[in-house]
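Hello,

I am passing on the structure we spoke about. Please have it open while you read the notes under it.

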Amino acid sequence: RGEYGCGKTFFARWLADKARKLGFATSEVQISETETPLYRLETVYRRMNERLATSDSFDGAFRNIIDAWFYTLEQDILAEGEVAETDEAQLLIKTNELLENRLASLGDTAQTFSLALRGYRRAQAENDLPTADGIAAWLAGQPNVAAAAKRYAGIKGEIDHFGALTCLQGILSILRDSGFSGLLLVLDEVETIQRMRGDVREKSLNALRQMIDEIDSGRFPGLYLLITGTTAFYEGPQGIKRLEPLAQRLHVDFQTDARFDNPRAPQIRLPPFDLERLCAVGVRIRDIFALHADNAARIRELCDDGYIRQFAEAVAGRLGGKVGIAPRIFLKKLVGDVLDRIDQFADFDPRKHYALTIDDSELTTVERSTTAASDVDNIDLNL
């Protein structure tokens with residue numbers, strides 16, 4: 001939890017990078033009212049598979065994971081010594097049998113998922129790539145898959161809200177069989193639920209509560225769910241407090257000093273950016289830039305710590321003094337307008353030749369709302 005600009009998305013991506021190094025697959029899903037509403041878990045499942053990443057494949061790793069799993073099954077069959085590697089027909093039969101055994105723990109509800117996997121493997125063995133592509137798209141939750149591909153695999157319809165949960169179990173089982181530690185799923189910008197219509201908001205909150213309870217019950221072994229949201233989402237009247245069971249599950253007492261926050265609690269509080277943190281980031285970025293520049297000494301001399309502080313104060317001042325939302329535009333201006341020019345032009349001195357300008361077109365909606373109005377006609381009045 002944290003306010004805009006405090007680094008929630010950055011923290012989530014840092015954690016995802018750490019997870020991939022520990023053998024996890026990761027995926028980041030941006031929750032939105034139109035494209036990825038949380039109450040429609042089939043859309044969340046689809047976006048999850050679109051953004052699935054591993055240490056070997058940064059994005060779009062879904063097909064690689066499925067193919068690697070089938071390779072693992074084949075190697076397990078060959079290791080038994082009962083089937084020759086050249087006997088492709090028998091190898092396919094034995095692979096399908098092993099597939100069923102591996103997915104047996106999912107129960108009867110995973111029958112369609114198993115059918116699709118068998119169809120995908122058979123289409124690949126027959127070198128029918130269009131059909132294999134169609135079945136893989138269905139497995140990933142994509143809509144509008146060609147009817148011919150679905151008939152080939154013996155499946156009907158599309159993956160719905162409840163089918164998405166079953167397919168998620170299947171993906172976790174495949175990951176586990178393939179040697180992965182699990183899956184880190186990031187649901188980013190969940191606070192957008194607050195701006196949705198009342199009935200949609202209630203269904204979204206209940207879907208979140210359902211996922212948390214299913215994880216707690218052990219239905220999704222290996223799944224680590226990370227949610228990002230603002231303080232208003234956790235504490236405000238339009239957030240999780242509208243669903244009491246969800247509020248109870250996520251409640252954390254933040255009345256104590258932030259130094260003693262419990263990192264094992266359901267919520268982790270990210271402190272907002274202040275001027276000191278902003279300056280520290282600026283200094284670090286300058287030093288990294290200097291490492292890869294030809295004029296490292298000149299960069300550190302003209303863009304010293306004192307200038308970075310002045311620059312940070314100027315950017316924050318243009319954004320109404322709200323340092324918490326300044327990092328993005330601060331770093332963009334520092335690198336693009338100051339450091340690049342010092343590196344490229346021998347006679348450029350930022351104190352003499354540069355004046356900070358911030359155009360409205362450079363700002364996001366939240367950043368633009370903090371800038372001071374230069375004309376009375378620019379002030380919106382709610383009448």
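Predicted model: local features only at pLDDT ≥ 70, side-chain atom pairs only at ≥ 80, totals over all residues.

The largest pocket holds about 1,000 Å³ of space. It is lined by 30 residues, and Gly5, Cys6, Gly7, Lys8 and Thr9 are the closest to its centre. Four helices, α1 (8-21), α12, α15 (327-344) and α17 (365-370), each supply at least two residues of this lining. Of these, α1 gives the largest share, with 4 residues. Sorted by class, the lining of the largest pocket has 14 nonpolar, 7 polar and 9 charged residues.

The second largest pocket has a volume of about 640 Å³. Here 25 residues form the lining, and those closest to the centre are Tyr224, Leu225, Leu226, Ile227 and Pro266. At least two lining residues come from each of α1, α9 (198-217), β3 (223-227) and α11 (244-250). The strand β3 gives the most, with 5 residues. The lining of the second largest pocket divides into 17 nonpolar, 2 polar and 6 charged residues.

Helix pairs

Two packed helices are described by the angle between their axes and the distance between the axes.

On the α12 side the contact is made by Leu275, Glu276, Leu278, Cys279, Gly282, Val283 and Arg286, which meet Asp305, Ile308, Arg309, Ala312 and Glu313 of α14. This contact has 6 nonpolar, 1 polar and 5 charged residues.

For α4 (residues 88-102) and α5 (residues 111-125), the axes come within 10 Å and cross at roughly 160°. An angle over 145 degrees counts as roughly antiparallel, so α4 is roughly antiparallel to α5. The crossing of α4 and α5 is right-handed. Leu92, Asn96, Leu99 and Glu100 from α4 meet Ser114, Leu117, Arg118, Arg121, Arg122 and Ala125 from α5. By class, the contact between α4 and α5 has 4 nonpolar, 2 polar and 4 charged residues.

Regards

Key: Residues numbered from 1 in each chain as written. Heavy atoms only, no water. Contact = heavy atoms within 4.5 Å. Nonpolar A, V, L, I, M, F, W, Y, C, P; charged D, E, K, R; others polar. 1 Å grid on protein atoms, 1.4 Å probe; cavity = no way out; pocket = protein on both sides within 12 Å on 5 of 7 lines; lining within 4 Å. Points joined across faces, edges and corners; volume = space filled by probe spheres on them. Axes fitted to C-alpha atoms, helices over the stretch in contact; angles between N-to-C directions. Parallel < 35°, antiparallel > 145°, perpendicular 65-115°, else oblique. Left-handed = near helix turned anticlockwise from the far one by under 90°.
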